[in-house]
Amino acid sequence: KQWYQRRVRVTLHDSSGGRTHQGQIDTTATPQRGWITLAGNRRVLFYYHPDEAVIYWQGVKGNTSNIWVGTKASWTDIDDAFVGSDVDITAHCNGNVQIKFKKERRPTANGWINRGNYPQTGGVNFPDDRTYSFTYYPDDAVIYWNGDKGTTDNIWKGTHI
């Protein structure tokens with residue numbers, strides 16, 4: 001995948017001040033690196049080690065004392081969940097999503113995804129059918145079309161990696 005396909009928006013919710021801070025992370029880098037813009041337009045750099053679920057703020061591992069330790073999540077990106085299936089799903093950093101059918105003779109479907117939500121939500125226009133909303137659970141690698149868990153039978157199950 002190209003680097004620009006893996007640049008993901010990051011949202012940090014400040015529980016003490018009720019503020020939301022925006023930034024980006026490059027998930028192709030090792031360690032992953034990114035930034036968050038705090039109050040006063042102050043940009044803070046960070047390095048994330050997903051194998052440890054640790055964020056090192058304003059310095060690399062071993063060179064900073066500002067460290068956040070989290071819990072490892074076992075999520076599968078939507079574009080990785082369906083590798084080897086009958087569809088290719090590509091989700092771009094700008095929120096666009098594209099679905100190409102490998103075996104069926106269907107036109108490419110285009111839409112959007114919001115990866116900043118959990119579960120992730122979006123919508124896709126299938127030119128030979130109609131527009132569907134969807135809910136994607138990255139921890140299960142499952143897309144629920146026009147509904148959510150327990151509310152729809154239109155479900156695509158991916159492979160959780």
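In which loop is asparagine 146 found? Asparagine 146 is found in the loop between β12 (142-145) and β13 (155-157), where helices (H or I, at least four residues) and strands (E, at least two) are DSSP runs, numbered from the N terminus. The structure is a predicted model, in which local features need pLDDT of at least 70 and side-chain atom pairs count only at pLDDT 80 or more, whereas totals for chains, interfaces and linings use all residues. Residues are numbered from 1 along each chain as its sequence is written, and side-chain values use heavy atoms, with hydrogens and water left out.

Most residues other than glycine have a negative phi, and most peptide bonds are trans. Against this background, asparagine 146 has a positive phi, near 50 degrees, and with 35% relative accessibility it counts as partly exposed; here buried means under 20% relative accessible area, exposed means over 50%, and partly exposed lies in between (1.4 Å probe, protein chains only). A positive phi, near 55 degrees, is also computed for glutamine 58, which is located in the loop between β5 (54-57) and β6 (67-69). Glutamine 58 counts as exposed because its relative accessibility is 53%. The peptide bond that leads from threonine 30 to proline 31 is cis, with omega near -5 degrees, and proline 31 belongs to the loop between β2 (20-26) and β3 (32-38).

The loop between β12 and β13 also holds threonine 152, which counts as buried because its relative accessibility is 14%. A polar atom of the threonine 152 side chain lies 2.9 Å from the backbone oxygen of tryptophan 145, and the side chain of threonine 152 also reaches the backbone nitrogen of asparagine 154, at 3.0 Å. When residues up to four places away in sequence are not counted, threonine 152 touches Tyr144, Trp145, Asn146 and Gly147, contact being defined as heavy atoms within 4.5 Å.

Threonine 76 is placed in the loop between β6 and α1 (78-81), and it is buried, with a relative accessible area of 1%. Its side chain is joined to that of histidine 160 by a polar contact of 3.0 Å, a term that denotes a pair of N or O atoms within 3.5 Å; within protein, one must be able to donate a hydrogen and the other to accept it, and residues adjacent in sequence count only if both atoms are side-chain atoms. With residues up to four places away in sequence again left out, the residues that threonine 76 touches include Tyr136, Pro138, Thr159 and His160.
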